[in-house]
Amino acid sequence: MRMRYLAPFVLSAFFLASCGGSDNSSEKKDTSTSSSSEAPVDNSMVNKGAAEAAASKGAGLIAQSDCLTCHKVDTKVVGPAYKEVAAKYEATDANIDMLVDKIISGGSGHWGEVPMQAHPNVSKDDAKEMVKYILALK
């Protein structure tokens, strides 16, 4: 009989404890008045979100492919880490085209003995987005 009256009380206490939360608005810091010695940067000519959109498209294409089987962002697996590739190659049109060709036709010799598998099903446009994402990881 006691359990019949105790159960609703315990469940109510549990519900109130889990939903109670606290209002930390008084603890929030005001960062709008920071004193920085750096000069402000004029980004008026930059299309907001364009770099992020390109990076997310390249990252998405890589995530949908088999690239992550042999490559990771920070660690060498079978092939080099993407950050190693970004450190080795500048984002010039010539390097981007060369890396696009390497993705599509495969190759070996640039990073050791293990050849990179060819990906003929990847379009040049998709490969270019992937390369731009990788080279932006500096």
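The sections below describe a predicted model, beginning with the cysteines.

## Cysteines

A disulfide is a covalent bond between the sulfur atoms of two cysteines. For Cys67, the closest cysteine sulfur is that of Cys70, at 8.7 Å, which is too far for a bond, because a pair of cysteine sulfur atoms must lie within 2.5 Å to be counted as a disulfide. Seen from Cys70, the closest cysteine sulfur is in turn that of Cys67, again at 8.7 Å and too far for a bond.

The two residues also fall into separate accessibility classes: Cys67 counts as buried, at 14% relative accessibility, whereas Cys70, at 29% relative accessibility, counts as partly exposed.

## A nonpolar surface patch

On the surface, a nonpolar patch is formed by Val77, Val78 and Val114, which together have about 230 Å² of accessible area. Of these residues, Val77 is placed in the loop that runs between helix 2 (50-64) and helix 3 (82-88), and with a relative accessible area of 39% Val77 is partly exposed.

## Asn95 and its contacts

Asn95 belongs to helix 4, which spans residues 93-105, and the side chain of Asn95 reaches the backbone oxygen of Glu90 at 3.0 Å. When neighbours within four places in sequence are left aside, Asn95 is in contact with Tyr89 as well as with Glu90.

Note on methods. Residues are numbered from 1 along each chain as its sequence is written. This is a predicted model: local features need pLDDT of at least 70, side-chain atom pairs count only at pLDDT 80 or more; totals for chains, interfaces and linings use all residues. Side-chain values use heavy atoms; hydrogens and water are left out. Buried means under 20% relative accessible area, exposed over 50%, partly exposed in between (1.4 Å probe, protein chains only). Patches are made of residues with over 30% relative accessible area and no salt bridge: like charges are joined within 9 Å, nonpolar side chains (Val, Leu, Ile, Met, Phe, Trp, Tyr) within 5 Å. Accessible areas come from the Shrake-Rupley method with a 1.4 Å probe; for residues, only the protein chains shown count as cover. A salt bridge is a side-chain nitrogen of Lys or Arg within 4 Å of a carboxyl oxygen of Asp or Glu. Helices (H or I, at least four residues) and strands (E, at least two) are DSSP runs, numbered from the N terminus. A polar contact is a pair of N or O atoms within 3.5 Å; within protein, one must be able to donate a hydrogen and the other to accept it, and residues adjacent in sequence count only if both atoms are side-chain atoms. Contact means heavy atoms within 4.5 Å.
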